[in-house]
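Here are some notes for a first look at this model. Please keep the structure open while going through the points.

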Amino acid sequence: MATDVHRTVTDQDAPVQSGAPAAVRVQGLTRSFGGRRVIDDLELTVRPGEFVALLGRSGCGKSTLLKILAGLDREIDGSVLVPRRRATAFQAPRLMPWKKVWRNVLLGLPGRPPRSRAEAALEEVGLAHRSEAWPKTLSGGEAQRASLARALVREPDLLLLDEPFGALDALTRIKAQRLVAELWQRRGCAVLLVTHDVEEAILLADRVLVMDDGVIAHEAPVALDRPRDIADPRFGELRAELLDRLGVEATAPQAA
């Protein structure tokens, strides 16, 4: 099968500028497994600095798309343009248990980056005091913040998030959502968040996409002021619209 994955904008050191036409451009993307098309001639554009949330039923191709954008799956047909400087955080923090937190943050970076670089990223996610800790001593929320620090230390132009809050309890999840919103506003990078949580998507994103049968089947801009209030009637209307697109009967949201 032909592979046509373009992983740079112009050159590996050039950041995606705010005036650039796209941080992500996907054209005619197809990915098959065992003869079944999981992604079918998909088109997608994400603007520089835009926060996009991707919803869809299990098995619709969301995580497959994210892995392709991350460069973890190259067996594709079509064209994918993404910045070279990108980073991914998954639902499982994937920390190496034999390395202290600060060393986990630097894991995979070329050369011998200084510890101060890890410390700065940990400070940004409120985890500087745990830099010397072993991963097994971290709470679930702390481990996820360490994973975010490992992504941020790469100074990404594109941050890919694959259900990073899915394993957290409700209160920790709210804190993590707020942290990601703050980091995005501070950093200004493009973000693509894969999630099953409709309210989370509306709270965080500029635009919510619904994926179905391997394509982007619906797009909903989120024209609500930040910070967002789930009690806002417009929030409820958008939530109902998205749930309907997902084939789920809407019920009243519960305030945090």
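Predicted model: local features only at pLDDT ≥ 70, side-chain atom pairs only at ≥ 80, totals over all residues.

1. Which residues of helix 7 are buried? They are Phe235, Leu238, Arg239, Leu242 and Leu243. They cover an arc of only 135° around the axis, which puts them on the same side of helix 7. An α-helix has 3.6 residues a turn, so residues three or four places apart point the same way. The other side of helix 7 has Pro233, Glu237 and Asp244, which are exposed.

2. Check the length of helix 7. Its 13 residues (233-245) should span 18 Å at 1.5 Å a residue. The end C-alpha atoms lie 19 Å apart, which agrees.

3. Look at both ends. At the start of helix 7, a side-chain oxygen of aspartate 232 comes to within 2.8 Å of the backbone nitrogen of arginine 234. Just after the helix, glycine 247 has a positive phi of about 75°.

4. Now turn to strand 7 (residues 158-162). Five of its five residues are buried. Leu158, Leu160 and Asp162 point one way, while Leu159 and Leu161 point the other way.

5. Strand 7 has parallel partners. Five bridges join strand 6 (residues 86-90) to strand 7, with alanine 87 opposite leucine 159. Five bridges also join strand 7 to strand 8 (residues 190-194). There, leucine 158 stands opposite alanine 190.

6. Follow the chain from strand 7 to strand 8. Together with helix 5 (residues 170-187), these strands make a right-handed β-α-β unit.

Methods
Residues numbered from 1 in each chain as written. Heavy atoms only, no water. Helix = DSSP H or I, 4+ residues; strand = E, 2+ residues; numbered from the N terminus. Expected span 1.5 Å × (residues − 1). Buried < 20%, exposed > 50% of the residue type's maximum accessible area, 1.4 Å probe, protein only. Arc of directions from axis to C-beta. Polar contact = N/O pair within 3.5 Å; in protein donor to acceptor, adjacent residues only side chain to side chain. Pairing = 2+ DSSP bridges. Right-handed = clockwise from strand over helix to strand, strands pointing away.
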